[in-house]
Structure formats: structure tokens, C-alpha cells
Amino acid sequence: MKKTITLFIILLSGINIYAQENIDLLTYENTQDINFFSSIKNGVQVKEYVTVSKNSVKLGDTLTLGTPTSEEMSTRTYSGSYGARARGGVAQSRSTSKKTYEFIQMGRPAGFGSIMSAMNGDAQSMADNSLKNTIVVVNEIKTYHRGSKNKPLYVVIVLGEINGRAFGINKYLSAMDTELAIESGELLLKNRKMTRDEAIAKLKQAKELTEIDMMSKEDFEKLKKELAPIITSKTKE
């Protein structure tokens with residue numbers, strides 16, 4: 001009897017540990033709720049994440065990389081001399097820039113590439129404009145605290161190429177803050193729901209088109225009816 005009870009306790013403990021390391025469904029509201037996130041460990045695996053705008057991201061989903069929102073500058077200095085003997089010299093500097101993603105980095109979070117970059121004193125390499133419009137697949141969804149265990153959570157999505165090839169020397173990309181990556185347009189979701197601000201902006205634009213007779217009043221009223229639930233959703237909460 002004692003052995004049976006002991007075995008049951010061990011099995012129950014194992015289930016609790018597994019539950020802490022895996023979350024079937026995580027919502028944005030969960031990430032901000034101290035009663036929830038205070039019991040969550042860093043690096044917990046998530047099967048499905050529902051964003052602040054009620055969009056769902058699941059393991060195996062295909063997403064698209066949008067437009068980079070940052071810019072990386074690099075400067076090189078060229079020098080030379082003139083005359084039979086080096087009596088003088090000239091130096092020129094040339095600056096170049098390239099579009100980079102602010103929230104999507106090359107490699108996995110704290111992966112081998114990140115460790116090597118840190119050892120060399122380099123900043124983490126961010127994805128650049130060459131990957132724009134690339135279709136990617138969600139390989140992992142993880143959540144981390146913004147500091148100590150008493151801080152809210154943020155969500156990281158590890159992305160792979162759908163054809164199995166690597167992104168250069170990296171096998172994966174990582175959206176280091178899913179909410180900001182989506183909000184900025186760097187990460188595009190399929191069937192993404194329109195935000196309240198987007199709905200208001202679209203309705204204002206339609207009203208302006210109506211005023212200059214570029215849109216009929218009937219079409220405006222139809223659009224207004226479609227957007228009303230999105231616009232009024234927050235005011236009801």
C-alpha cells in the first residue's frame with residue numbers, strides 16, 4: 001500500500017513538472033497576469049499563443065516575414081599615399097546602410113550563434129531585407145519573463161524555412177518579441193484580425209472618400225457596420 005501511494009506521488013509530481021514546462025494555450029492576458037506568470041519558468045514551451053488582438057499562432061503555422069523596420073549603418077575608411085616616397089596620404093570614409101529587422105534575429109534565442117557572437121563581443125545578428133516576403137513555419141513557441149520571475153512574460157517564436165533549408169549559416173530565425181514583431185508588420189499572420197486603431201483609420205479614410213464622391217454612402221454605411229464591432233469592442237470591456 002505504501003509503495004502504491006509513493007508511486008502515485010511520484011507520478012503526480014512528474015505530471016506537475018511537465019505541466020509547468022508545457023502550456024497548451026497561452027494568451028496575452030496570461031502574460032500580464034501576476035497570478036499566472038509568477039508560477040511560469042523561463043523557456044516554457046507553448047503550443048498555441050493568442051495575441052493581444054486575439055490572433056492565434058500555433059506550432060506548425062506558416063507565417064510571412066514583412067518589411068524590416070530598422071536600418072544598420074556601417075562605415076569603412078580607405079587610406080592611401082602619393083608620390084615616389086610616401087610624403088603624404090589621403091583618407092576617405094564611406095558609409096553604407098541596409099534594412100534590418102528590429103525584432104527578428106538570425107538563429108535561435110541563446111543558441112550557438114548567439115553564444116559565439118557574445119564571446120566575440122558582437123551584437124546579435126538581425127535578419128535583413130533579403131528575407132522579406134519569405135514564408136516561414138513556426139517550429140517553437142517559448143515564453144520568458146521580462147527580468148525576474150515577478151515580471152510579465154513575453155513570447156518568442158522560433159521560425160524555420162518550410163523547405164528545410166537554412167537561413168544562410170543559421171537554421172532558424174527568432175521573433176524575439178512576438179507582439180512587437182506583429183504590431184510593427186515585421187511578422188505577418190494569415191487571417192490576421194484588424195486592430196481597433198486600424199479599423200478607425202480605415203473608417204476615417206472611407207468617410208473622406210465619401211465626402212469627395214469617391215465612395216457611395218451605401219458602401220460607407222456597409223463598411224461602418226462591419227467595422228463597428230471592432231471599434232466598440234474595447235469600450236465595452
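Mentor: The model is a predicted one. Side chains of opposite charge can pair when their charged atoms come close. Here the count comes to seven salt bridges.

Start with aspartate 24 and lysine 47, whose side chains meet in a salt bridge at 3.4 Å, N to O. Aspartate 24 belongs to strand E1 (residues 22–27) and lysine 47 to strand E2 (residues 44–50), so this pair ties together parts that are 23 residues apart in sequence. Aspartate 24 has a relative accessibility of 51% and therefore counts as exposed, the cut-off for exposed being over 50%. Lysine 47, at 45%, counts as partly exposed.

The next pair is aspartate 128 and lysine 98, with a salt bridge of 4.0 Å, N to O. Strand E7 (residues 126–128) holds aspartate 128, and strand E6 (residues 88–106) holds lysine 98, so the pair ties together parts that are 30 residues apart in sequence. Both partners fall in the partly exposed class: aspartate 128 has a relative accessible area of 23%, and lysine 98 has a relative accessibility of 39%.

Aspartate 177 and arginine 146 also form a salt bridge, at 2.8 Å, N to O. These two residues lie in loops: aspartate 177 in the one between strand E10 (172–175) and helix H5 (178–183), arginine 146 in the one between strand E8 (135–145) and E9, so the pair ties together parts that are 31 residues apart in sequence. Aspartate 177 is buried, with a relative accessible area of 9%, because buried means under 20%.

Glutamate 161 is placed in strand E9, which covers residues 153–161. With a relative accessible area of 17%, glutamate 161 is buried. Setting aside its neighbours within four places in sequence, glutamate 161 is in contact with Thr134, Val137, Ala166 and Phe167.

Key. Residues numbered from 1 in each chain as written. Predicted model: local features only at pLDDT ≥ 70, side-chain atom pairs only at ≥ 80, totals over all residues. Heavy atoms only, no water. Helix = DSSP H or I, 4+ residues; strand = E, 2+ residues; numbered from the N terminus. Buried < 20%, exposed > 50% of the residue type's maximum accessible area, 1.4 Å probe, protein only. Contact = heavy atoms within 4.5 Å.
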